[in-house]
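I opened this structure today and kept notes as I went. Here is what I looked up, entry by entry.

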Amino acid sequence: MAGKKAAGENTKKAAGNAKAREEAEAKKADLARKKAEKDALLAAEEASAPSGPKNKKTAAKKTSAAPSRALNLDQLDERPPEDTKPLNALNATGIDNALDALSLTAGASSNEKVEKHPERRFKAAYAAYEARRMPELEEEMKGLRRQQRIEVVRKEFEKSPENPFNQVRVDFDATKEEVREAREKERVKVEARLGK
């Protein structure tokens, strides 16, 4: 009797397995149908859209390779051989560099402020920087204590262009000639940074 019972259970089990297989096959067929519809829609969309990268991976590769294949516009600036004066071209990437380049070309560097007393402005500049930066640091570094955040802000301020000691400066008793020289040195430094 035990054999018949086992045989009966096996037939039920076999029927259940067959039903599960049928359901799995139905799901696979449904997924295949959906995939075919999706591919057809994608093909129709690609045919109607202008040509471009088909997936993000190739798009990322192309954008990373773009700087190495940059356009060379030097040919456009060539002068005839009789004119021996060299051309100066500025290459600026980023907002700060672009503003520096504009200040060089516009002649605004002569009006540029040269700091004679950075120690007078240091305390106010640091207070403004700290007031602006502390809430940002509270969000960025939640685990730090207040004093640790103040130390981080202080180290950042020492390197910041907002620090009066990091700006163009001369001695408080500098002559007009020394101020002019300081401006000229700064202009040359910016040209060297942005030039070819």
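**Entry 1: N163.** I started in a loop. N163 sits between α5 (146-159) and α6 (176-194). Helices here are DSSP runs of H or I of at least four residues, strands are E runs of at least two, and both are numbered from the N terminus. The model is predicted, so local features need pLDDT of at least 70 and side-chain atom pairs count only at pLDDT 80 or more, while totals for chains, interfaces and linings use all residues. Residues are numbered from 1 along each chain as its sequence is written, and side-chain values use heavy atoms, with hydrogens and water left out.

Is N163 buried or exposed? I found 5% relative accessibility, so N163 counts as buried. The cut-offs are under 20% relative accessible area for buried, over 50% for exposed, and partly exposed in between, with a 1.4 Å probe and protein chains only. Next I looked at what surrounds N163. A polar atom of the N163 side chain lies 3.3 Å from the backbone oxygen of F157. Setting aside residues up to four places away in sequence, N163 touches F122, F157 and E158. Contact means heavy atoms within 4.5 Å.

**Entry 2: α4 against α5.** I then turned to a helix pair. Two packed helices are described by the angle between their axes and the distance between the axes. Helix α4 covers residues 118-140, and the axes of α4 and α5 come within 9 Å and cross at roughly 125°. That angle makes α4 oblique to α5. Axes are lines fitted to C-alpha atoms, for helices over the stretch in contact, with angles from 0 to 180 degrees between N-to-C directions. Under 35 degrees is roughly parallel, over 145 roughly antiparallel, 65 to 115 roughly perpendicular, and the rest oblique.

Which residues make the contact? From α4 I noted F122, A125, Y126, Y129, E130, R133, M134, L137 and E138. From α5 I noted R146, R149, I150, V152, V153, R154, E156 and F157. The residues of this contact divide into ten nonpolar, no polar and seven charged. Ala, Val, Leu, Ile, Met, Phe, Trp, Tyr, Cys and Pro count as nonpolar, Asp, Glu, Lys and Arg as charged, and the others, Gly among them, as polar.

**Entry 3: R133.** I picked one residue from that contact. R133 is in helix α4. R133 has a relative accessible area of 11%, so this arginine is buried. The side chains of R133 and E136 are joined by a polar contact of 2.8 Å. A polar contact is a pair of N or O atoms within 3.5 Å; within protein, one must be able to donate a hydrogen and the other to accept it, and residues adjacent in sequence count only if both atoms are side-chain atoms. Beyond its neighbours within four places in sequence, R133 is in contact with E140, V153 and E156.

Entry 4: A101 belongs to helix α3 (residues 95-106). A101 is buried at a relative accessible area of 10%. Leaving out neighbours within four places in sequence, A101 is in contact with L90, A92 and L194. G195 lies in the segment after α6. G195 counts as partly exposed, at 22% relative accessibility.

**Entry 5: the whole chain.** I ended with totals. The protein chain has six helices and zero strands. Of its 196 residues, 14% count as buried.
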